[in-house]
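Subject: Structure handover

Hi,

Here is the structure I promised to pass on. Please open it next to this email and follow along as you read.

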Amino acid sequence: MKAVIFAVLLGLAVANAAVFKEEEYQHMFTKFMQQYEKKYTHDTFFFRYTVFKQNMDKIYLANKQNHSYTLGMNAMGDMTHSEFKAAKLGYNRVDNSVLRHKNTEGPHTKVVPAASVDWRKKNAVTGVKDQGQCGSCWAFSTTGSTEGAHAIATGKLVGLSEQQLVDCSQAQGNQGCNGGLMDQAFQYIITNGGISSEAAYPYTAKDGTCMSPLPPGVTTISAFTDVTSGDETALAQAVNIGPVSVAIEADQSCFQFYSGGVLNDPSCGTQLDHGVLAVGYDTLSGQDYWIVKNSWGTSWGVESGYVFIAKGINECGIATENSYPTGAKAAGEKVHQKKLHGKKH
């Protein structure tokens with residue numbers, strides 16, 4: 001019976017200037033629903049199928065243009081562009097340029113960059129995580145660089161709690177699933193005296209109430225450094241220190257459906273709206289690129305959750321607002337919620 005209903009609903013769709021034949025769309029959509037375990041009501045089925053077809057067309061036509069990168073269908077294939085932006089982005093950019101400019105003298109300034117770096121190979125990067133439909137990318141970027149700093153300092157790689165940052169860092173200016181900033185999250189960790197493990201304070205992909213008392217803290221940091229804006233040499237120096245929290249523009253289709261190659265596209269501008277993690281850099285077919293960890297799960301991007309972003313041209317604004325924690329060390333036996341009166345940054 002379900003198969004009959006499914007066939008009838010698909011039969012109602014009529015392609016407008018379609019790239020594929022209708023039966024091909026139907027076959028692809030069936031596979032899409034199965035692969036990503038999608039379930040729709042009778043009222044939403046046709047709309048989601050129509051959106052899927054439009055996204056398939058975008059992917060196919062973009063790939064015919066022989067870019068340095070490729071696009072591919074993923075779990076966001078049934079989302080409109082506006083839905084994608086609302087669900088997956090969350091870097092709430094504010095003009096902190098004066099404060100950032102005063103905070104650029106860090107340990108990276110004395111580093112001579114290596115030819116290539118990949119902190120994944122040095123056990124300083126946890127597995128790719130999934131923020132779900134919550135604008136908490138800033139929290140994942142923060143935990144990523146702090147996880148790296150802790151691993152480099154102590155030799156222990158431990159997943160840290162994004163949910164703690166979502167629930168507990170409002171006093172620093174963050175807004176949970178409605179967005180935030182990595183610098184403000186670093187300030188929370190400093191003010192609070194540490195951050196708990198992801199296992200002790202698990203992620204729920206929604207706003208919650210800050211746990212009290214908090215679970216034991218894993219690590220703390222003493223400060224953070226803002227990399228000089230627009231300076232990719234300085235960013236390379238910082239990445240030689242450890243994974244770096246970076247902000248990019250990710251609201252274009254070339255990013256939503258990115259699946260491989262080096263992302264180098266004029267549509268990816270500098271209107272920063274997404275927090276990610278630079279874990280290294282390398283060269284592919286003569287093109288230098290940044291190795292960037294995203295937080296959209298392992299079914300997105302290249303190498304199960306990553307994106308290679310062109311290096312040297314400030315692609316997607318990657319050199320504009322970056323920072324990394326310093327002074328990482330194991331936290332004390334217990335971390336309790338403190339009165340949050342630290343300086344906002």
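First, a term you will need: a residue counts as buried when its relative accessible area is under 20%. Keep that cut-off at hand for strand E8 (residues 274-284), where eight of the eleven residues are buried. E8 is thus a mostly covered strand.

Please note that this is a predicted model.

**Confidence**

The protein chain has an average pLDDT of 91. A score of at least 70 is reached by 91% of the residues. Two stretches need care. Residues 1-16 have a pLDDT below 50. In the model, that stretch makes 22 contacts beyond near neighbours in sequence. Residues 333-345 also stay under 50. For them the model has 43 contacts beyond four places in sequence.

**Around strand E8**

Which strands pair with E8? Strand E2 (residues 117-118) does, in the antiparallel sense, over two bridges. Asp118 has Gly280 in E8 as its bridge partner.

Strand E6 (residues 244-248) is joined to E8 by five bridges, and the two run antiparallel. Ala247 stands opposite Gly275 in E8. Ser245 has Leu277 as its bridge partner in E8.

Strand E9 (residues 287-293) is joined to E8 by seven bridges, again antiparallel. Here Gly280 is partnered by Ile291 in E9. E8 and E9 also form a hairpin, with two residues between them. Look at Ser285 in the turn: its phi is positive, about 50°.

How many residues of E6 are buried? Five of the five are, so E6 is largely enclosed by the rest of the structure. Val244, Val246 and Ile248 point one way from the strand. Ser245 and Ala247 point the other way. Both groups are buried.

E6 also pairs with strand E11. Two bridges join them, and they run antiparallel. Ser245 has Ser323 as its bridge partner in E11.

Now find helix H9 (residues 232-241). This helix is mostly covered, with eight of its ten residues buried. Among the buried ones are Leu235, Ala236 and Val239. Glu232, Gln237 and Asn240 are buried too. What covers the buried residues of H9? The cover includes E2, E6, E8 and E9. It also includes strand E5 (223-227) and strand E11 (322-326).

**A buried threonine**

Thr142 lies in helix H6 (residues 137-154). Is Thr142 buried or exposed? Its relative accessible area is 0%, so Thr142 is buried. Set aside its neighbours within four places in sequence. Thr142 is then in contact with Leu165, Met182, Ala185, Phe186, Ile189 and Ser245. Ser245 is also one of the buried residues of E6.

**A three-stranded sheet**

There is an open sheet of three strands, in the order E3-E4-E12. The pairing is antiparallel. Which strands are at the edges? They are strand E3 (195-196) and strand E12 (329-330), and each pairs on one side only. E3 is joined to strand E4 (residues 217-220) by two bridges. Ile195 has Thr219 as its bridge partner in E4.

Last, turn to helix H2 (residues 22-35) and helix H3 (residues 42-63). Their axes come within 10 Å and cross at roughly 105°. H2 and H3 are therefore roughly perpendicular to each other. Which residues meet there? From H2 they are Glu22, Tyr25, Gln26, Met28, Phe29, Phe32 and Met33. From H3 they are Phe45, Arg48, Tyr49, Phe52, Lys53, Met56 and Asp57. Nine residues of this contact are nonpolar, one is polar and four are charged.

Asp57 is buried, with a relative accessible area of 15%. Not counting residues up to four places away in sequence, Asp57 touches Ala18, Val19, Phe20 and Tyr25. Asp57 and Ala18 are 39 residues apart in sequence. In space, they are 7.4 Å apart, C-alpha to C-alpha.

Best wishes

Methods:
Residues numbered from 1 in each chain as written. Predicted model: local features only at pLDDT ≥ 70, side-chain atom pairs only at ≥ 80, totals over all residues. Heavy atoms only, no water. pLDDT = per-residue confidence, 0-100. Contact = heavy atoms within 4.5 Å. Axes fitted to C-alpha atoms, helices over the stretch in contact; angles between N-to-C directions. Helix = DSSP H or I, 4+ residues; strand = E, 2+ residues; numbered from the N terminus. Parallel < 35°, antiparallel > 145°, perpendicular 65-115°, else oblique. Nonpolar A, V, L, I, M, F, W, Y, C, P; charged D, E, K, R; others polar. Pairing = 2+ DSSP bridges. Buried < 20%, exposed > 50% of the residue type's maximum accessible area, 1.4 Å probe, protein only.
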